[in-house]
Amino acid sequence: MDLLNALVALTNFVIVPGLAYGSQLALGALGVTLIYGILRFSNFAHGDTMAFGAMVTILITWLFQSMGIGAGPMPTALLALPFGILGTIGLALLTDKTVYRFYRQQKAKPVIFVMVSLGVMFMMNGIVRFIIGPGDQRFSDGERFIIKARTFKQMTGLDEGLAIKTTQGITVITAIIVVAVLFWFLNKTRTGKSMRAYSDNEDLALLSGINPERVVMYTWMIVAALATIAGVLYGLDKSFKPFTYFQLLLPIFASAIVGGLGNPIGAIAGGFIIAFSEVTITYAWKKVLTYGLPDSLAPDGLVQLLSTDYKFAVSFAILIVVLLFKPTGLFKGKAV
């Protein structure tokens with residue numbers, strides 16, 4: 001029974017949160033890797049794009065809630081998500097038309113685009129804070145748990161209860177669906193094949209008659225949708241705070257680089273590697289070890305390698321190691 005309790009505790013505090021957080025990072029890293037692979041620059045405004053998409057979704061969610069529109073046991077934000085995606089697509093296309101297109105026409109170097117994206121990042125951050133404020137915003141409603149700890153204890157007779165939040169289940173299921181649709185689009189549709197061809201060899205793609213502006217437009221649309229979905233799922237699972245999305249830029253970029261920047265499969269793998277690394281290193285293992293070890297060996301302290309306040313330091317350390325020893329990432333993306 002003690003081993004089962006240890007397994008339940010591990011699932012409750014490490015596996016389930018790691019899967020949810022990994023799904024959110026994977027969706028965010030997919031957007032970063034698409035921009036790098038197709039438009040050939042690192043978009044530092046991606047975190048604030050997520051924040052903008054989540055903000056629009058929150059505002060529409062509040063509107064629906066005030067009108068009495070809901071999704072039953074599911075969060076109302078799921079009904080508002082398409083509006084958030086449309087709003088973010090509009091912002092992304094407007095930003096490209098007014099900012100990035102000029103530098104593309106000038107054939108500016110990637111480092112120039114990076115600097116420009118920093119400026120866009122600060123602008124987006126200011127817009128989001130001005131509209132919705134800098135504080136925490138909670139917008140989740142509906143049923144809070146799929147499985148409650150007390151119900152699980154009654155069903156199994158174990159001392160440890162397993163609690164799975166509705167938002168965690170939605171996050172994992174949504175991520176699977178979105179990734180499947182994205183890979184189908186890139187591999188089976190004519191537009192997706194054009195995007196891949198443009199990414200592999202821009203000059204050859206242009207000679208083949210591929211319209212580069214059309215590729216750029218679809219890239220921004222897909223990235224905006226991914227950013228909004230990732231931002232909303234993160235906000236539902238935790239809470240919405242604009243500055244948090246700026247901080248998420250580090251683990252998102254770490255996920256993309258660890259997997260292989262420019263490689264979509266690597267972005268997904270990197271997201272889960274970073275997520276589980278952060279969760280396992282900052283988790284206090286006392287409870288699990290107390291169940292799994294004899295009483296004489298049971299730990300007295302928390303057995304926590306790092307405080308949760310330093311979880312982003314884990315992403316940074318992994319990022320540095322990968323850049324030093326394998327800059328192309330685990331799945332051999334483009335060299336960083």
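In the predicted model, the largest nonpolar core holds 82 residues, of which Leu27 and Phe240 touch the most other members. The greatest contribution to this core comes from helix α9 (residues 212-237), with 15 residues. Beyond its neighbours within four places in sequence, leucine 27 is in contact with Ala175, Val178, Val179, Leu226, Ile229, Ala230 and Leu233. A second core of 7 residues is separate, and its members include Ala9, Val14, Val279 and Val288.

The whole structure contains 7 salt bridges. In one of these, the side chains of arginine 40 and glutamate 202 meet at 3.6 Å, N to O. Arginine 40 lies in the loop between α1 (2-39) and α2 (46-66), and glutamate 202 in helix α8 (residues 202-207), so this pair ties together parts that are 162 residues apart in sequence. Arginine 40 is partly exposed, at a relative accessible area of 27%, and glutamate 202 is also partly exposed, at 29%. Another charge over a ring is that of lysine 311, which lies over the face of tyrosine 21 at 5.4 Å from the ring centre.

A salt bridge of 2.6 Å, N to O, joins the side chains of aspartate 96 and arginine 104, and both residues are buried. Arginine 104 also forms a salt bridge with glutamate 213, with the closest N and O atoms 3.3 Å apart. Because arginine 104 lies in helix α3 (residues 77-105) and glutamate 213 in helix α9, the latter pair ties together parts that are 109 residues apart in sequence. Glutamate 213 has a relative accessible area of 34% and is partly exposed. Through shared partners, salt bridges join Asp96, Arg101, Arg104 and Glu213 into one network.

Aromatic pairs number 13 in the whole structure. The rings of phenylalanine 41 and phenylalanine 113 are stacked, because their centres are 5.2 Å apart and their planes at 25°. Phenylalanine 41 lies in the loop between α1 and α2, and phenylalanine 113 in helix α4 (residues 110-132), so the pair ties together parts that are 72 residues apart in sequence. Both residues, phenylalanine 41 and phenylalanine 113, are buried. Phenylalanine 44 and phenylalanine 253 are likewise stacked, with ring centres 5.1 Å apart and planes at 20°. This pair ties the loop between α1 and α2 to helix α11 (residues 249-259), parts that are 209 residues apart in sequence. Phenylalanine 44 is partly exposed at 27% relative accessibility, whereas phenylalanine 253 is buried at 8%. Ring pairs also link Phe41, Tyr100, Phe102, Tyr103, Phe113 and Trp220 into a cluster.

Note on methods: Residues numbered from 1 in each chain as written. Predicted model: local features only at pLDDT ≥ 70, side-chain atom pairs only at ≥ 80, totals over all residues. Heavy atoms only, no water. Core = buried A, V, L, I, M, F, W, Y, C linked by side-chain atoms within 4.5 Å. Buried < 20%, exposed > 50% of the residue type's maximum accessible area, 1.4 Å probe, protein only. Helix = DSSP H or I, 4+ residues; strand = E, 2+ residues; numbered from the N terminus. Contact = heavy atoms within 4.5 Å. Salt bridge = Lys/Arg side-chain N within 4 Å of Asp/Glu carboxyl O. Phe/Tyr/Trp six-rings, centres within 6.5 Å; stacked < 30°, edge-to-face > 60°. Lys NZ or Arg CZ within 6 Å of the ring centre and 35° of its normal.
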